Amino acid sequence: MNWGNGILLLLLVFIGLMVTLVTICVRQDDIHLVTENYYAEEIKYQEHIDRVNNTQAIEGKVLQYDPVSKTLQFKLPIGAKGELHLFRPSDARMDKKIQVEIKDADFSILKLDDLEPGYWKVKMTWEAGGVAFFEEKKIDI
């Protein structure tokens, strides 16, 4: 075994390793994007900024999470309609969207017992009185 053979062997092992890694990456189909329509969502981002600014003008928080009882409490005015998005950053297959409409009470409770333990983002988008709002809360179940 001389230097030339050693260098050639090292180069062949390196190329084989790179080809193996590229093959594994190309075959991987378990890649989850935050959203499928990323660019369309980016265009609507100014609307999102306006919703956040409207929410900051409200006194108090709308979303409150109780880790002991695993419940999410949201306080919205009567007649408010919106969507509650339970977002799992580590696995998009666990995401849930729930339509919310407050008809007769201004205080609602949602049990989160069926969610997998771990880190979640709760995103609440609603409209009341013709004004749009958004609030996000990070919870650990």
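Let me start with a word we need: a residue is buried when its relative accessible area is under 20%. Keep that cut-off in mind. And remember that this is a predicted model.

Now take D91. Buried or exposed? Its relative accessible area is 14%, so D91 is buried. Its side chain has a partner, though. D91 forms a salt bridge with R93, and the closest N and O atoms are 2.9 Å apart. R93 is exposed, at 59% relative accessible area.

Why would such a pair form at all? Side chains of opposite charge can pair when their charged atoms come close.

How many salt bridges does the structure hold? Four. Let me show you two others. One joins the side chains of K121 and E136, at 3.8 Å from N to O. K121 sits in strand β6 and E136 in strand β7, so this pair ties together parts that are 15 residues apart in sequence. E136 counts as partly exposed, at 35% relative accessibility.

The next one joins E101 and K81, at 4.0 Å from N to O. Here E101 is in strand β4, residues 96–101, and K81 is in strand β3. They are 20 residues apart, so the pair links distant parts of the chain. E101 is partly exposed, with 43% relative accessible area.

On to the inside. In soluble globular proteins, nonpolar side chains tend to be buried together. The largest nonpolar core here has 21 residues. Which of them touch the most other members? F74, L76, L112, M124 and W126. Five strands, β1, β2, β3, β6 and β7, each supply at least two residues of this core. Strand β6 gives the most, with five residues.

Look at W126 again. W126 and F133 form an aromatic pair. The rings are stacked, 5.2 Å centre to centre, with 15° between the planes. Both residues are buried. By the rule used, the count of aromatic pairs is one.

Another ring has a charged neighbour. K123 lies over the face of F87, at 4.5 Å from the ring centre.

Now the surface. Eight residues make a nonpolar patch there: L11, F14, I15, L17, M18, V19, L21 and I24. Together they have about 740 Å² of accessible area. V19, one of them, is in helix α1, residues 3–27.

Last stop, K70. This residue is in the loop between β1 and β2. K70 has a positive phi of about 50°, although it is not a glycine. At 32% relative accessibility, K70 counts as partly exposed.

How values were computed: Residues are numbered from 1 along each chain as its sequence is written. This is a predicted model: local features need pLDDT of at least 70, side-chain atom pairs count only at pLDDT 80 or more; totals for chains, interfaces and linings use all residues. Side-chain values use heavy atoms; hydrogens and water are left out. Patches are made of residues with over 30% relative accessible area and no salt bridge: like charges are joined within 9 Å, nonpolar side chains (Val, Leu, Ile, Met, Phe, Trp, Tyr) within 5 Å. Accessible areas come from the Shrake-Rupley method with a 1.4 Å probe; for residues, only the protein chains shown count as cover. Helices (H or I, at least four residues) and strands (E, at least two) are DSSP runs, numbered from the N terminus. Rings of Phe, Tyr and Trp (its six-membered ring) pair if their centres lie within 6.5 Å; planes under 30 degrees apart count as stacked, over 60 as edge-to-face and the rest as tilted. Buried means under 20% relative accessible area, exposed over 50%, partly exposed in between (1.4 Å probe, protein chains only). A charge sits over a ring if NZ of Lys or CZ of Arg is within 6 Å of the ring centre and within 35 degrees of the ring normal. A nonpolar core is a set of buried Ala, Val, Leu, Ile, Met, Phe, Trp, Tyr and Cys residues joined through side-chain atoms within 4.5 Å.
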